[in-house]
Every structure is written in structure tokens, then in C-alpha cells.
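Let's take a walk through this protein together, from its overall build down to single residues. Please have a look at the sequence and the model first.

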Amino acid sequence: MRPLHYLAALLSVSSVALADGAFYGDPPDATHPWGIHDHNRPQPSVVEPGSFSSQEKPGTPPSDAVVLFSGQESDLDQWQSDKNPAEPTKWIVKDGLLQCVPGSGYIQTKEKFADCQLHVEWSEPEDITGTSQGRGNSGVFLMGEVEVQVLDIYNNKTYSDGAAGAVYGINPPMANPIRKPGQWQVYDIVFRRPIFKDGKEVDPGYLTVFSNGVLVQDHTPLEGGGGHKKRSQAHPFPEVGPLKLQDHGNPVRFRNIWYRPLPKRAIDGGDTSVMSPEATAKKRAEIAAGIREDAAKLEGKAKMLRLFESTYYAANEDATQSATAMVNEFAAATKAIPADKLQSKKGEIMEVNNALQYLIKFQILPGDFAAAKTLNGIVKANEWDKKKK
Ligand code: MG
């Protein structure tokens, strides 16, 4: 390795190490329980991705998906008639496909869920007949309430808010990427239910739909969920509901149906974005308690830094006191090291000093914090704070 490359590798390793540690980005604030680049923030769960479908063959779902129809006859056990939930569905599985039997009624999942990523594939018969809404009509009803329209619109005009990919009665699809009858159509849907607090709508709920990979609904507000002829009014949805497939009198076929539940929005008690000050304070207290628990298993400098770290999520007198006592000892011991032996301790001293300077910068420790004065004095006297040219 050429010297320059070696140096670059060293630098990049040290910047990764820094980014992984504490006392780095801006700390938590009133509406964000985590700091910027916060290493205490949970890692995303590992998901084994599935495979894409072809016209000939359905793909496979990701590893964390709940499979609602995979082509097995036994998958019908997961579905029931929506009018008479005690009755099994009259829809049939033929050649690995779930097929609507006209006149048999809607079917719904026994499983109830709400916010989700939903994958559904559907296909019309090649010898399709009918016009407008009477041509290959079915529908995917999220929570049994909001219909993403299923219809052959390959060569068939209808009112646009009832076209395939429409949020029925609310919003037309932005494009018509529907393939000709007999081909498979793929919907990938992101659904967020409406949320009410104290009888007031605080989030209208949203649908995002990709139809054959083309974005046709972009975070479309639900406006009450839509419906036939009537303008829907905003109303509370239950916590969860079934997925329904519509019998509109046409023998539409389905395959490869699965969903993945989504994390709650901040407004619904989740912690994925900007949170209320109350929820943030609660979460910060939880994170701090977890770090103090972790610190209790550590010794020495690691324990001290972890205790200090906990205090930028939530003040805690015991944590501050014991970390302060430890850092005072550390500073006194450092001060006693002969000048010619200091260099070997540079890394440790810099690490603790950087932590203290961070805590002072964000007013978590007072500007005149004694150990910080001692350590920073040593750092400056040795010019460790000067960037190398
Ligand atoms: Mg329909």
C-alpha cells in the first residue's frame, strides 16, 4: 500500500469509529428523542428480500411478510365470506390462482391489520367482455373500507376515479400502466389509516400505489375512504380491519398476496419521526435508563462515558454525580502523569476531553466544569487540538 493510501485508510477508519460512538452529532431535542447519527438508535430489522414476479411465475415475498395467498388450496382457510364470516368463502383456488366466483360475494381475510405494505397481483380473463365498470371489476379494500380499484382499463374507458389504480371515488390513478387482459398486473400499496384524537381527525390516512411498478397514487389523502356516488366524509377507522377482495360479478383471478405491517406513526404513538414534546421526554427517559443499565455492567472509563452519555437524553443526578466523581479522578491521575509519558495516553485523554467539550457545548455540563478545564489544558499544552498539516 502506498503511504498516501495507507494514511487515507487510517483516516477513514477513524472517522467511522467516531461516527459509531457517542458525543458526535447534535444531541436529542424537544421533539427528537435521538441525536443526529445516534448510535443508540435501533438498527433496522434484517429482512431477506423476496423475488419479483414474471408473467409466468409469481415472485416470493420478503421474509417478514404475512402471506395471505401463496397459491395453495389451504390458503383459503385464511379467508371468509364478508357477509357471513362464519362461512368459508365460495371463491375457488384453481391452477394456484384465487378466483372470484361471480355472485358469491366479497371475501375477507380472517387476519385484521391496518397500516401496511400490501402486495397483490391480479389478472383478467383473456376473453373478457363488458364495458366501463362492468369489465373485469374487482377491488382491493384496505381495512374493508378503502378500495383500490381493480378493472380492465387496457382498452376501456370509465370515470377516472373508478379506473384501475384509483382510490375509488377519491382520486384517479396518475397513469394507466395496465397490461392487456390475460396478463398479470401487480399492485404494491402503502396504506396508512386515518387517525382521530378526541373526535378530531389528526391524520386523514394515505394511500400510495404502484401499479406494475408505476406510481399511480402518491400519498393520496383518504378523505374518509371514498365510495360509490357519494362524497365520503372523514370518520374514525377501527384500530384494525380485514383485507377484502370484491366480487363485482367478474371472474378476476389473484395470486401472490402478502403484506408487511408498518411501524406506527409518531402521531399514533410511534417513534419514527418528529414526536410530541411529552412523547419525546418519555422516550428520552427510557433511552437514558437503558444506557444507565448498560453502564452498570461496565467499569472505569467506559462506565464513566456511558453515564455521561445517558445524561444528554435525560438528567439524572446519580448518574451525573458518579460520572463526575470518576472523571475528577481521571483528570487528577492524568495531571500526575509525567510530561514524557503523556503521549501514550493521548487517545484516552482526547476521548474523555472530547466528551466533556461536547457536553459543555450543548450545556449538559457547566462551562466551568473542573475536569474539563484540567484535561483541555493538557490537550492544549500538548497541541493535540491543532490539526496536523
Ligand atoms: Mg371495484
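## Overall build

The protein chain has six helices and 15 strands; helices (H or I, at least four residues) and strands (E, at least two) are DSSP runs, numbered from the N terminus. Its radius of gyration is 30 Å, well over the 21 Å that the globule rule gives for 389 residues, so the chain is more spread out than a compact globule. That radius is taken over C-alpha atoms, and the globule rule is 2.2 Å times the number of residues to the power 0.38. Along the principal axes, the C-alpha atoms fill a box of roughly 95 × 60 × 35 Å.

Please keep in mind that this is a predicted model, where local features need pLDDT of at least 70, side-chain atom pairs count only at pLDDT 80 or more, and totals for chains, interfaces and linings use all residues. Residues are numbered from 1 along each chain as its sequence is written.

## Burial and contacts

How many of the 389 residues count as buried? The share is 35% for the protein chain. A residue is buried if 20 or more other C-beta atoms lie within 10 Å of its own, exposed if 12 or fewer, and partly exposed in between, with C-beta atoms placed from the backbone.

Turning to contacts, two residues are in contact if their C-beta atoms, placed from the backbone, lie within 7 Å. Among the contacts with a separation of 6 or more, 59% link residues 24 or more positions apart.

Five strands form an open sheet in the order 2-5-14-7-8, with antiparallel pairing. Two strands pair if DSSP finds at least two bridges between them. Strand 2 (79–81) and strand 8 (146–150) stand at the edges, each with a single partner strand, so one side of each is left without a neighbour in the sheet. From one strand to the next, the twist averages 30 degrees; axes here are lines fitted to C-alpha atoms, for helices over the stretch in contact, and angles run from 0 to 180 degrees between N-to-C directions.

At one end of that order, strand 7 (residues 138–142) and strand 8 pair in the antiparallel sense over five bridges.

## Two well-covered strands

Strand 15 (residues 253–261) is largely enclosed by the rest of the structure, because seven of its nine residues are buried. Strand 1 (residues 66–69) pairs with strand 15 in the antiparallel sense over three bridges, and Val66 stands opposite Tyr259. Strand 4 (residues 97–99) also pairs antiparallel with strand 15, over two bridges; here Leu98 has Phe254 as its bridge partner. Seven bridges join strand 6 to strand 15, again antiparallel, and His119 is partnered with Trp258 in strand 15.

Strand 6 (residues 116–123) also pairs with strand 9, in the antiparallel sense over eight bridges, with Val190 of strand 9 as the bridge partner of Gln117. Strand 9 (residues 184–192) is mostly covered, with seven of its nine residues buried. Six bridges join strand 9 to strand 12 (residues 206–211) in an antiparallel arrangement, where Arg192 stands opposite Tyr206.

## Helix 2

The 20 residues of helix 2 (residues 277–296) should span 28 Å at 1.5 Å a residue, and the end C-alpha atoms are 28 Å apart, which agrees. The expected span is 1.5 Å times one less than the number of residues.

Which residues of helix 2 are buried? They are Thr280, Arg284, Ile287, Ala288, Ile291, Arg292 and Ala295. Seen down the axis, these buried residues fall within an arc of 140 degrees, so they line one face of helix 2; the arc is that of the directions from the helix axis to the C-beta atoms. The face turned away from this buried side carries the exposed residues Glu278, Glu293 and Ala296. Helix 3 (300–311) and helix 4 are among what covers the buried residues of helix 2.

## Helix 6

In helix 6, the buried residues are Ala371, Ala372, Leu375 and Ile378. They cover an arc of only 135 degrees around the axis, which puts them on the same side of helix 6. On the other side of helix 6, Lys373, Lys380 and Ala381 are exposed. The cover over the buried residues of helix 6 includes helix 4 (317–335) and helix 5 (346–361). Just after helix 6, Glu383 takes a positive phi of about 60 degrees.
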